[in-house]
Amino acid sequence: VTVGGVNCSVQSDGYIAGAQLVCVTGSYPSGGTQSIPVNVLLNRSGSLAPSQSTLTYTYVNPSISSVFPKSGPMAGGTNVTIGGMFLTVGNGVKRVLLNGAMCVILQSSLTQVTCTSSAQNVIGVGVVTVYIDNQVTINYAVTFEYTNNPNYTSVPVKTIPAGGIILTFTGTYLNVSQKALLVINGMAGPFPCNQTFTTLKCYAPPLGSNPIGSSLSPGVNYTIVMDGAPGPNIPIEVVPNPVFTSINPDDLMQTVGSVRTIRIIGMNIKNVDVLSEIMVTVGGERCTIDLGTTTDTVLSCQPPQNLSTVSSTSSKKRQSSSNGNVTVQVGLMLSYTLGTIMYMSPSQASSPTIPFPVLAVAVGVGVGGLVLLVVVLVMAMVTVWYRRDSNKKGRQVDNLLIMLESWEASMADECKRAFAELQTELQDVVNVHDKNYPYRDFRSFAMKFLFPTAEDDHPILKPVQFPSVSDMSEAT
């Protein structure tokens, strides 16, 4: 078999009698692209019979012209794209070498080949070699460099369940891969990391279904997926999400050109980098955070001097006020809309006119204060009455005690006088010196004391008469 006059070596593999034969072409001396017929000498009855194909065969020169990226880590894993021409001729690309190391082919087309670099044990620059069938295609201007693997000198130590905040890594050779992703507990970040030679800034991924304000126990691990280069695999602390709840009521009214600091109430505010991760807007305009007065529960920021809807210099009829919604954005994932700041022009601020919402609040507060005052007065009156009544009863008790004491003294005096008179009467009827006092026997004294009105000859008062023994004998 000859192709354009060049011998094509017939192969036994793939030969099908009467239907197919396979041959390997030799080198074609002419340059450029040419379409030529295929000639086959057939052995028929012991003689060679020439046969020419109706189709033509084209000789082309495959070439490579570019490679991207031009470098990758020694650990391999870099997806490399090689550009060129006629890269699918023959049976296509069979093998690719990057600086002598195998590059695993992923896909190929007429103009490019994509492959994944394998590990290399040395650093350095080398040519890209493409094997198409048995032909070696090299362009010494197209090279690939194996560099050192990434080296990390500092890594972040905490994140939040909501994710979306930037975690910064520092080190060297941090841009040797096409892209890098931060992975925490199997969850990848929403976007590839921003890479430079010395820094790597990655968005933290949301950690599953963890609710706002929650925290995970320590021991959550993270790593960096950077081609095939090994990344850090160390624990990271998961702290609660920052939460914002309200605006300080004193800061809801602002005067155009003379604004005051807005204080936003919340919790866990300093669990993230306040200046880089938290953005406050008022009516869509930036509220500059004051880090000096910001605490873990209060975020302070300086609002814009005016909003685009407020005009303080126009001589025409202007708006009396303009409202600006306050929004706090934490990273990419958390957003809080907290309320409205009302801007008033200087003339409105000095006017006694009060906007309706504020007036309603003031009236409500005034009515509530009046009700509270009435309740306090009633309670005070009840207290005074109770104290006066208590004092009155106390005085009455004191008077009763004094009267009882007076009665006791009077009774004592009466008793003394009565005993004195009794003693005088006794002395009058008895000679005291002879000790001859009036005397009654017990029975007489008891009868007189117990039955003072009874007659002396009453039968029951007479002594009991018992019959004598002789009387009893006679009766028997």
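Proline 69 sits in the loop between β6 (63-68) and β7, and a cis peptide bond joins it to phenylalanine 68, with omega at about -10°. That's worth a second look, since most peptide bonds are trans. Keep in mind as you read that this is a predicted model.

- Most residues other than glycine have a negative phi.
- Asparagine 99 isn't a glycine, yet it has a positive phi of about 50°.
- You'll find asparagine 99 in the loop between β9 (93-98) and β10 (101-108), and it counts as partly exposed because its relative accessibility is 22%.
- Tyrosine 173 is another non-glycine with a positive phi, this time about 55°.
- Tyrosine 173 belongs to the loop between β16 and β17 (181-184), and with 27% relative accessibility it counts as partly exposed.

- Phenylalanine 144 is part of strand β13 (residues 135-147), and its relative accessible area of 0% makes it buried.
- Threonine 78 and serine 117 are 39 residues apart in sequence, with 5.2 Å from C-alpha to C-alpha.
- Look for threonine 78 in the loop between β7 (71-73) and β8 (79-85); it's buried too, with a relative accessible area of 0%.

**The salt bridge**

- Search the whole structure and you get one salt bridge.
- The partners are the side chains of arginine 263 and aspartate 251, which meet at 3.0 Å, N to O.
- This pair links distant parts of the chain, twelve residues apart: arginine 263 is in strand β25 (residues 262-267), while aspartate 251 is in the loop between β23 (243-247) and β24 (253-255).
- Arginine 263 is partly exposed, with a relative accessible area of 32%, whereas aspartate 251 counts as buried at 2% relative accessibility.

**The largest pocket**

- The largest pocket has a volume of about 890 Å³.
- It's lined by 31 residues, and the closest to its centre are Thr25, Tyr57, Tyr59, Gly90 and Asp133.
- β5 gives the most, with six residues.
- By type, the lining of the largest pocket divides into 16 nonpolar residues, 14 polar and one charged.

**The second largest pocket**

- The second largest pocket comes in at about 260 Å³.
- Of its 13 lining residues, those closest to the centre are Ile166, Leu167, Thr168, Asp273 and Glu277.
- β16 (166-172) and α1 (274-277) each supply at least two residues of this lining, and β16 has the largest share with three.
- The lining of the second largest pocket splits into six nonpolar, three polar and four charged residues.

- Leu370, Leu373, Val374, Leu377, Val378 and Val382 make a nonpolar surface patch of about 540 Å².
- One of them, leucine 377, lies in helix α3 (residues 356-429).

Conventions. Residues are numbered from 1 along each chain as its sequence is written. This is a predicted model: local features need pLDDT of at least 70, side-chain atom pairs count only at pLDDT 80 or more; totals for chains, interfaces and linings use all residues. Side-chain values use heavy atoms; hydrogens and water are left out. On a 1 Å grid over the protein atoms alone, a cavity is a set of points where a 1.4 Å probe fits but cannot get out, and a pocket is an open set with protein on both sides within 12 Å along at least five of seven lines; lining residues have an atom within 4 Å of a point. Grid points are joined across faces, edges and corners, and a volume is the space filled by probe spheres set on the points. Helices (H or I, at least four residues) and strands (E, at least two) are DSSP runs, numbered from the N terminus. Ala, Val, Leu, Ile, Met, Phe, Trp, Tyr, Cys and Pro count as nonpolar, Asp, Glu, Lys and Arg as charged, and the others, Gly among them, as polar. Patches are made of residues with over 30% relative accessible area and no salt bridge: like charges are joined within 9 Å, nonpolar side chains (Val, Leu, Ile, Met, Phe, Trp, Tyr) within 5 Å. Accessible areas come from the Shrake-Rupley method with a 1.4 Å probe; for residues, only the protein chains shown count as cover. A salt bridge is a side-chain nitrogen of Lys or Arg within 4 Å of a carboxyl oxygen of Asp or Glu. Buried means under 20% relative accessible area, exposed over 50%, partly exposed in between (1.4 Å probe, protein chains only).
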